[in-house]
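Subject: A structure for you to look at

Hi,

Here is the structure I promised to pass on. Have it open while you read, and I'll walk you through what turned up.

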Amino acid sequence: MHIDHYAVIGNPIAHSKSPQIHTHFAEQTVQDMDYVRLLAPLDGFQQTVFDFHTTGGRGLNVTVPFKLEAYQLADIISPRAQRAGAVNTLIFHPDGRIEGDNTDGIGLVRDLLYHHVTLQDADILILGAGGAVRGVLAPLLSEHPASLVIANRTADKAVQLAQDFSDLCAPRTRLHGCGYADLSGQTFDIIVNGTSASLSGELPPLPDDLLKPGGLAYDMAYGSEPTAFQRWAQAHGASLALDGLGMLIEQAAESFYLWRGIRPDTQTLRISMR
Ligand code: NDP
């Protein structure tokens, strides 16, 4: 029997939950495929991709620290990957060309909508201005929030991001970039943490009354325990403080769809992975 090969490539990679997710999707939709972890040397991303491709690989998910290199390597870049400036999914076409796409942003928005979060007319704050934030700005703006404020430790990066996406901003949406000190006096319905601070148990310096009563907090990071940001949100009036596991599952489902043309159901996996 012929099996199509897929993998997630990164360094480190042992912690990745992607094989568990895609194996579940493949079983559910009865696809003849396998999906493994692929460790690339820090200076050997391109070679590892080409080796995988020439030995029958059909597609890759790309994680830290290779999303920019994947962008440079791809022959075709999807519009949303162009906007994100990064690639998290590689598709190996039968004609030999490699296409790069980015499913992180749609993953976040699908997870928020799954939790019945209303983005339209909401005041949204996003913390951080790195690759993950760049990837989610376009899909968030397409939901027409009342405001989208980007706050970052290095304020200039947030200001630049707001400028870079101003053409996607509906006239009634306020898009603004700033540093954390500029947040005092403002309140938000939704705060999304897209910094990597949670990975080291840290928290950006946030004013106490930043979240409107009953507002929602979302940390793109995830772990076996609530993150520092989720704990902060719970202590500051959040009705719900989510982690990024749902985003991970939804971005994987979108990658699976790009490769196989079938949308897997994410509901059972959401339950089993909790
Ligand atoms: P980057 O390295 O590109 O960006 C990191 C960002 O975090 C920068 O804005 C940086 O600020 C900020 N930062 C880092 N440390 C601190 C700190 N101690 N205090 C305040 N700000 C800090 O990372 P990514 O954008 O790729 O990833 C960000 C997060 O998103 C990670 O936790 C990652 O795991 C998560 N993620 C989750 C996904 C999912 O599917 N759930 C998908 C993709 C990412 P500065 O610019 O000042 O350095």
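Predicted model: local features only at pLDDT ≥ 70, side-chain atom pairs only at ≥ 80, totals over all residues.

A backbone N or O atom of Ala129 is 2.9 Å from a ligand oxygen, and a polar backbone atom of Leu248 is 3.5 Å from an oxygen atom of the ligand.

Leu248 turns up again in the helix packing, as one of the α9 residues that touch α1. Two packed helices are described by the angle between their axes and the distance between the axes. For α1 (residues 18-29) and α9 (residues 245-260), the axes come within 10 Å and cross at roughly 50 degrees. That angle makes α1 oblique to α9, and the crossing is right-handed. On the α1 side, the contact is made by Ile21, His22, Phe25, Ala26 and Thr29; on the α9 side, Leu248 is joined by Ile249, Ala252, Ala253, Ser255, Phe256 and Trp259. What kinds of residues are these? Nine are nonpolar, three are polar and none is charged.

α9 also packs against α5 (residues 104-114), with the axes 7 Å apart and an angle of about 125 degrees. That makes α5 oblique to α9, and this crossing is right-handed. Here Asp104, Ile106, Gly107, Leu108, Arg110 and Asp111 of α5 meet Gly246, Met247, Glu250, Gln251 and Glu254 of α9. This contact divides into three nonpolar, three polar and five charged residues.

Most residues other than glycine have a negative phi, and most peptide bonds are trans. Where are the exceptions I found?

- Asn11 and Pro12 are joined by a cis peptide bond, with omega about 5 degrees; Pro12 is in the loop between β1 (4-10) and α1.
- Val64 and Pro65 are also joined by a cis peptide bond, with omega about 5 degrees; Pro65 is in the loop between β3 (57-62) and α3 (67-73).
- Val30 has a positive phi, near 55 degrees, and lies in the loop between α1 and β2 (33-39).

How values were computed. Residues numbered from 1 in each chain as written. Heavy atoms only, no water. Axes fitted to C-alpha atoms, helices over the stretch in contact; angles between N-to-C directions. Helix = DSSP H or I, 4+ residues; strand = E, 2+ residues; numbered from the N terminus. Parallel < 35°, antiparallel > 145°, perpendicular 65-115°, else oblique. Left-handed = near helix turned anticlockwise from the far one by under 90°. Contact = heavy atoms within 4.5 Å. Nonpolar A, V, L, I, M, F, W, Y, C, P; charged D, E, K, R; others polar. Polar contact = N/O pair within 3.5 Å; in protein donor to acceptor, adjacent residues only side chain to side chain.
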